[in-house]
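Hi,

Here is the structure I promised to pass on. Have a look at it first, and my notes follow below.

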Amino acid sequence: MLFVTNSDQLIQRIPLEALEGLGDFKIGGQIIHTVKYADDLVLLAKEEKVLQCMIDKLIEIGRCYGMEMNVEKTKVMRISRQPLPVKIIIDQKQLENVKSFKYLGSILTNDGRCTC
């Protein structure tokens, strides 16, 4: 997810405020909502409806600060041994499902094997 802003503090504060109490993805017993690097934000959830709720809340809080999500650059990917498309809607537009994406120099794939 991308937000365009001049304030690094604001980029960090919005996800914290928006995602408080949401999320179901645990690593080491802790709920992980996001993975961030520079101005990139990856939302993590086990369930499609949880992810949709997280995105809706992030958009709502972002708009309170005068920020909009760039829907054209926002993608979604389900990581599973049998990956099925995910239906996530933002402003009546369905997000593009991708089979892989590059993050921090690694290629993450929807089958979780990352053998590319």
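Y103 sits opposite S106 in β10. Keep in mind as you read that this is a predicted model. Strands β9 and β10 run antiparallel and are joined by four bridges. Two residues lie between the strands of this hairpin, and L104 there has a positive phi near 50°. For context, most residues other than glycine have a negative phi.

**The pocket**

Both of those strands turn up again in the largest pocket: β9 (100-103) and β10 (106-109) each give at least two residues to its lining, as do β4 (40-43), α2 (48-64) and β5 (75-76). The volume of this pocket is about 880 Å³. It is lined by 33 residues, and the ones closest to its centre are V42, L43, V76, M77 and F101. By type, the lining splits into 21 nonpolar residues, eight charged and four polar.

**The core**

Next, the largest nonpolar core, which holds 15 residues. L43, L51, I55, V76, I88, I90 and L95 have the most contacts inside it. Which elements give two or more residues to this core? They are β4 and α2, and α2 gives the most, with six residues.

If you skip neighbours within four places in sequence, L95 is in contact with I55, V71, T74, V76, I88 and I90.

Is I90 buried or exposed? I90 has a relative accessible area of 1%, and the cut-off for buried is under 20%, so I90 counts as buried. This residue belongs to strand β6 (residues 89-90). I90 and Q52 are 38 residues apart along the chain, and their C-alpha atoms are separated by 8.7 Å.

Then comes the loop between β6 and β7 (93-94), where you'll find D91 and Q92. D91 has a positive phi near 50° without being a glycine, and Q92 also has a positive phi, about 65°. As for accessibility, D91 is partly exposed at 45%, while Q92 is exposed, with a relative accessible area of 80%.

Cheers

Definitions and conventions
Residues are numbered from 1 along each chain as its sequence is written. This is a predicted model: local features need pLDDT of at least 70, side-chain atom pairs count only at pLDDT 80 or more; totals for chains, interfaces and linings use all residues. Side-chain values use heavy atoms; hydrogens and water are left out. On a 1 Å grid over the protein atoms alone, a cavity is a set of points where a 1.4 Å probe fits but cannot get out, and a pocket is an open set with protein on both sides within 12 Å along at least five of seven lines; lining residues have an atom within 4 Å of a point. Grid points are joined across faces, edges and corners, and a volume is the space filled by probe spheres set on the points. Ala, Val, Leu, Ile, Met, Phe, Trp, Tyr, Cys and Pro count as nonpolar, Asp, Glu, Lys and Arg as charged, and the others, Gly among them, as polar. A nonpolar core is a set of buried Ala, Val, Leu, Ile, Met, Phe, Trp, Tyr and Cys residues joined through side-chain atoms within 4.5 Å. Buried means under 20% relative accessible area, exposed over 50%, partly exposed in between (1.4 Å probe, protein chains only). Contact means heavy atoms within 4.5 Å. Two strands pair if DSSP finds at least two bridges between them.
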